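Subject: Structure handover

Hello,

Here is the structure I promised to pass on. Please open it alongside this note.

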Amino acid sequence: MRRAVYRSSTEEGRALLERAPVVHLATTDEDGRPILRAVHGVVEGELLAFHAAPAGEKTRGLGRPAVIAAHEVVAEIPSWFFDAERACPATTYYVSAQAHGVLEEITDAATKARVLETMMAKYQPEGRHAPIRHDDPRYARSVRGLLVAGVRLDDVVCKAKLGQNRRLEERRRVVVELWRRGGAGDARAVETLVRRFPELRPPFLRREGLHLTSLLDAHELDEVAPLLDDAYWLAGVPRERSLEAFAASPAVVAARDERTGELVAVARATSDGKVAWIYDVVVRHDRRRSGAGTAVTRLLLDHPAVRGALHVRLTTRDAETFYRRLGFRELSEAPRHAWRSIEMIRPGGVDGARG
Ligand SMILES: CC(C)(COP(=O)(O)OP(=O)(O)OC[C@H]1O[C@@H](n2cnc3c(N)ncnc32)[C@H](O)[C@@H]1OP(=O)(O)O)[C@@H](O)C(=O)NCCC(=O)NCCS
């Protein structure tokens, strides 16, 4: 790698190769002609493995040097983040990984079956099939007949090109500009950058003892469950359903204790761009009345998926005062919605929150 500043750990490289839905395999055939293929790869032990038809082109690369690569784009960074005229600063932030080695065939039937079973777990996580074993009569022939091959993960290089070459104030500006631009994936990119480089955390993601976030990954959803446990509006809703709603919402925000990292508040919203609906604003019992609810709701209102909405709506049973302070009004008080209802409404954007 030309610039050491972009070098990342082998572990990150392996993890990227493991989760990538598709990896690219490059090798050569017996005449030295290049072979480049997209394959469904899985990590099995020390091998990045895939399967193929034994008569296919990939067979011709067996025993030859090969590279398997994957990459994830974090954000497209436009030139105008840095310069009003020159196109040159335009760049892409990404993480990439490459495993260099030799393309090896796996011939041991039990190992082949394990690779295939790992593939099923990755690409058909719902299961609903009998486990693949080489000695199971339902699978024995297929396991024998398939080519299973891979490259050892002894030499993995990972590159995280995330603006480390820039000055600190420029990198901070990128975070703010990404949030402001608010395109698909920009909120996630902000979070990726801030988690990796804490010095880039912008003021709007910080509040007295709290770190605010606009992203909860699937593995973090379990932490949300205890907060939702006593939410009256979720009574009777299965826990998985409530958590799926978080996973499916275009805007999810949360607050973590700056010191312990514990999740202390969450909120989410759906939006079609015109009307946004806020749901599940909850602060952990012991942290109520100290501003966490206000902080996550303000961030939610400023979330790229919500801030452009003409109306932001919600229903509440007893937190009316809380929402009024954030600029919400009852529907009956809003000129175009003068029917009797306890639903509340407020104009979109953060400025209304100061009303
Ligand atoms: C409602 C809730 C999200 C507020 O969060 P919070 O962090 O406690 O609120 P903040 O500290 O930011 O509140 C600031 C102000 O909002 C108002 N407020 C807070 N909680 C309130 C409540 N339950 N009812 C009415 N007003 C409330 C108060 O005016 C408060 O100011 P004060 O402490 O000076 O009196 C939190 O109490 C909670 O999780 N409640 C249970 C779940 C819930 O009802 N969520 C709302 C569903 S619609």
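Below is what was found in it, starting with how to read the values.

This is a predicted model: local features need pLDDT of at least 70, side-chain atom pairs count only at pLDDT 80 or more, and totals for chains, interfaces and linings use all residues. Residues are numbered from 1 along each chain as its sequence is written, and side-chain values use heavy atoms, with hydrogens and water left out.

The sheets

Helices (H or I, at least four residues) and strands (E, at least two) are DSSP runs, numbered from the N terminus. Two strands pair if DSSP finds at least two bridges between them. In general, strands of a sheet pair through backbone hydrogen bonds, either parallel or antiparallel.

Ile-68 has Ala-99 in E7 as its bridge partner.

Axes here are lines fitted to C-alpha atoms, for helices over the stretch in contact, and angles run from 0 to 180 degrees between N-to-C directions.

Another open sheet has 4 strands, ordered E4-E5-E9-E8, again with antiparallel pairing. Strand E4 (42–44) and E8 are its edges, each pairing on one side only. Strand E5 (residues 47–52) is joined to E9 by 6 bridges, and Ala-52 stands opposite Leu-147 in E9. Strand E8 (residues 104–105) is joined to E9 by 2 bridges, with Glu-104 opposite Gly-150 in E9.

Why is strand E9 (residues 147–152) described as largely enclosed by the rest of the structure? Because 5 of its 6 residues are buried. Buried means under 20% relative accessible area, exposed over 50%, and partly exposed in between (1.4 Å probe, protein chains only). Helix H2 (residues 109–123) lies across E4, E5 and E9, at about 140° to E4.

Helices with a buried face

In helix H1 (residues 10–19), the buried residues are Glu-12, Gly-13, Leu-16 and Leu-17. Seen down the axis of H1, they fall within an arc of 135°, so they line one face of the helix. The arc is that of the directions from the helix axis to the C-beta atoms.

Helix H6 (residues 221–228) has Leu-221, Val-224, Ala-225, Leu-227 and Leu-228 buried. Their arc is within 165° down the axis of H6, so these residues also line one face. What covers them includes helix H7 (239–248), strand E14 (263–271) and strand E15 (275–283). Contact means heavy atoms within 4.5 Å.

Two residues to look at

Gln-164 is in the loop between E10 and helix H4 (168–181). Gln-164 counts as buried because its relative accessibility is 14%. A polar atom of its side chain lies 2.8 Å from the backbone nitrogen of Leu-162. Such a polar contact is a pair of N or O atoms within 3.5 Å; within protein, one must be able to donate a hydrogen and the other to accept it, and residues adjacent in sequence count only if both atoms are side-chain atoms. Leaving aside neighbours within four places in sequence, Gln-164 is in contact with Val-5, Tyr-6, Arg-171 and Phe-197.

Glu-117 is in helix H2. Its relative accessibility is 26%, so Glu-117 counts as partly exposed. Not counting residues up to four places away in sequence, Glu-117 touches His-129, Pro-131 and Ile-132. Ala-130 is 13 residues from Glu-117 along the chain, and their C-alpha atoms are separated by 9.6 Å.

The ligand

How many residues surround the ligand? There are 19, and the closest are Val-283, Arg-289, Gly-291, Gly-293 and Thr-294. A residue counts as near if one of its heavy atoms lies within 4 Å.

An oxygen atom of the ligand is 2.7 Å from a backbone N or O atom of Gly-293. An oxygen atom of the ligand is 3.1 Å from a polar backbone atom of Ser-290. A nitrogen atom of the ligand lies 3.1 Å from a polar backbone atom of Asp-318.

Best wishes
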